[in-house]
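Thanks for making time for this, everyone. I would like to walk slowly through a few parts of one structure, so please have the sequence and the picture ready.

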Amino acid sequence: MIPSIRSRSNRFWTLLVTALVVGSSVAAIPAAVSAQAQPTQSVVGQPDITFSTASGAVTAGSASKLSVSITNRGEVSRTGPPDYEDLVSTARAMTLRFKDGNVPIDVKSGEVTAGQSGAVPVGSLTQPVPITVAESADPGTYKIPIEYEYLYTRQITYDRSGSVDRTEYTVTKTGSITVRVEEDARFEILKTTGTAQVGDTSEVTVSLRNTGTQTAHSATVVANSQSGSMGFDSGSPSASSHIGKWVPGETRSVTYDVSLAPGASVREYTMGLTVNYEDGDGIPQQSSSMTAGIETLPEQSFALSNIESTLRVGEDGQISGTIENTGPQAAGSVVVQYADDAPTVIPIEQSAAVGSLDPGESASFTLPIEVNSEAEPGQKSIDVAVSYRNTDDEKRLYEKLDVQADVAEERDQFEVALAERTIESGGSTMLSVEVTNNLDETVSDVEGRLFADDPLDTGDTDTGYAESIEPGETTTMTFELTAGSSAVTEKTYPISLDFRYDDADGDSKLSDTTRVAVTVVEPADDGGGLPIPLIGGGIVLLVALGGGYYYLRDQ
């Protein structure tokens, strides 16, 4: 009994366990079926890209920025959450390539990434690209193909559990833009004539042609310097020249006065040219900038050589030498000018004309100069300038010269020497004065004058005269001198002489005063008797009278 009861018991538990297992499995089946039956959804779409130009018409021979408008209209064929719709309609990593090989418009961009990081959402954005339009481009419209590539999400599949699946594609397509080249006036530089010289102003002529298809009205050509060393007219950095009406195909020339600063480097300079004008509708227009090159010459220069000086303190002298035109151009009406301002050195003549000088040609010059008595002897640097006319017959001044001139010590214009240097106290004498011309020129109408102070005095003859005295020549003048009784014997007293004369140029001059000494001596002793000459003369007279008496009596 006991075994059967245990057997039934085991079977019961077995059946119970089995039932529980089966029951739990059956209970789990609806949940699994429910999970597998969860519904999925999807959003489907794609970008829709078109191109256009947001810029206006362009002109031939110009460079500018072309604004390319990129429009994405975005197609969504199966809608869903807005974020997913935006995702399937956005072009990502979009790049553009302009195929401009068959049009006269050169797009300078290469491959372009559109928008920010290549993302182009639904809407429009503008992409600027640099272009150059050929001078030969005829007016009209031109189609420029655009090859573009982008990445997009075609489909997004999702369910409520948050599972998302994406399908993405990369596509390459071709679009285009249309660019219109309008009729206009265009300009081209044909040639530049003339050279600019450093330190001078020169005429430079530029020839231009209207190569466009329209007439430019009220045209003005504006030139702008592209260097601080170059200017126009009175130093302005720009200049303009009015043309007026300028028809297609016509060549016009404009001339500017171009100046280069002293010390500017010798190289080719450039100036920018633009044409301001009105089109046929009276609307102001401006051409693209053009550049004209200008060749240059070195600064005109001169050199001095063979300098000689006869300058002396207190006298007139001269500086002479050779002036050479060291080029690069011929110089007309060349004048060597004294250009210093030293108070003790005074030009007698301010300049010396030497005529015209070709490059490398030279001529001699002489500048007469006076050095006053307050000057110091020695070598002096004296500024000299050269005035001349350039090849345009315009007056110019070259001021980069000086001469080193020796100035000799002061000397008396006349040297005097006395034949007799004594005078008796209380007596008078005729002084013979030897006068020597120390100057380097012949002097004329020479009048000497004697001066003396008490106890000496001049007599009736206190002046002497010579018609002329050559350099180094000596002539004798005679003056009367008296000595008062108060003059101390064996004492030396001064007397003075000066000379008024005419120099070689006929100018009246007064010499410096020259002092010489005379000595007062005792009067000669006559011994108290009759003078022997008087006695001798009386005897001769008596003899003659007696002889005459006897001669008459015998007759």
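Let me begin with the largest pocket, where β23, β27 (362-371) and β38 (508-510) each supply at least two residues of the lining. Please keep in mind throughout that what we are looking at is a predicted model. Which strand gives the most to that lining? It is β23, with 3 residues. The space in this largest pocket comes to about 520 Å³, and of the 24 residues that line the pocket, the closest to its centre are Glu315, Asp316, Gly317, Glu441 and Lys509.

Let us stay with one of those residues, Asp316, which lies in strand β23. Is Asp316 buried or partly exposed? Its relative accessibility is 28%, so Asp316 counts as partly exposed, given that buried means under 20% and exposed means over 50%. The side chain of Asp316 makes a polar contact of 2.6 Å with the side chain of Lys509, and, leaving aside neighbours within four places in sequence, Asp316 is in contact with Ile348, Ile369, Glu370, Asp503 and Lys509. If you trace the chain from Asp316 to Val371, you will find that they are 55 residues apart, and yet their C-alpha atoms are separated by 6.3 Å.

Now please move along to Thr322, which also lies in strand β23, a strand that covers residues 316-325. Thr322 has a relative accessible area of 16% and is therefore buried. Its side chain is joined to that of Asn306 by a polar contact of 3.2 Å. When neighbours within four places in sequence are set aside, the residues in contact with Thr322 are Ala303, Leu304, Ser305, Asn306, Ser362, Ala363, Ser364 and Phe365.

As a general point, strands of a sheet pair through backbone hydrogen bonds, either parallel or antiparallel. Here, strand β3 (residues 63-72) and strand β8 (residues 123-133) run antiparallel and are joined by 10 bridges, and you can look for Ser69, which stands opposite Thr126 in β8.

Technical notes. Residues are numbered from 1 along each chain as its sequence is written. This is a predicted model: local features need pLDDT of at least 70, side-chain atom pairs count only at pLDDT 80 or more; totals for chains, interfaces and linings use all residues. Side-chain values use heavy atoms; hydrogens and water are left out. Two strands pair if DSSP finds at least two bridges between them. Helices (H or I, at least four residues) and strands (E, at least two) are DSSP runs, numbered from the N terminus. Buried means under 20% relative accessible area, exposed over 50%, partly exposed in between (1.4 Å probe, protein chains only). A polar contact is a pair of N or O atoms within 3.5 Å; within protein, one must be able to donate a hydrogen and the other to accept it, and residues adjacent in sequence count only if both atoms are side-chain atoms. Contact means heavy atoms within 4.5 Å. On a 1 Å grid over the protein atoms alone, a cavity is a set of points where a 1.4 Å probe fits but cannot get out, and a pocket is an open set with protein on both sides within 12 Å along at least five of seven lines; lining residues have an atom within 4 Å of a point. Grid points are joined across faces, edges and corners, and a volume is the space filled by probe spheres set on the points.
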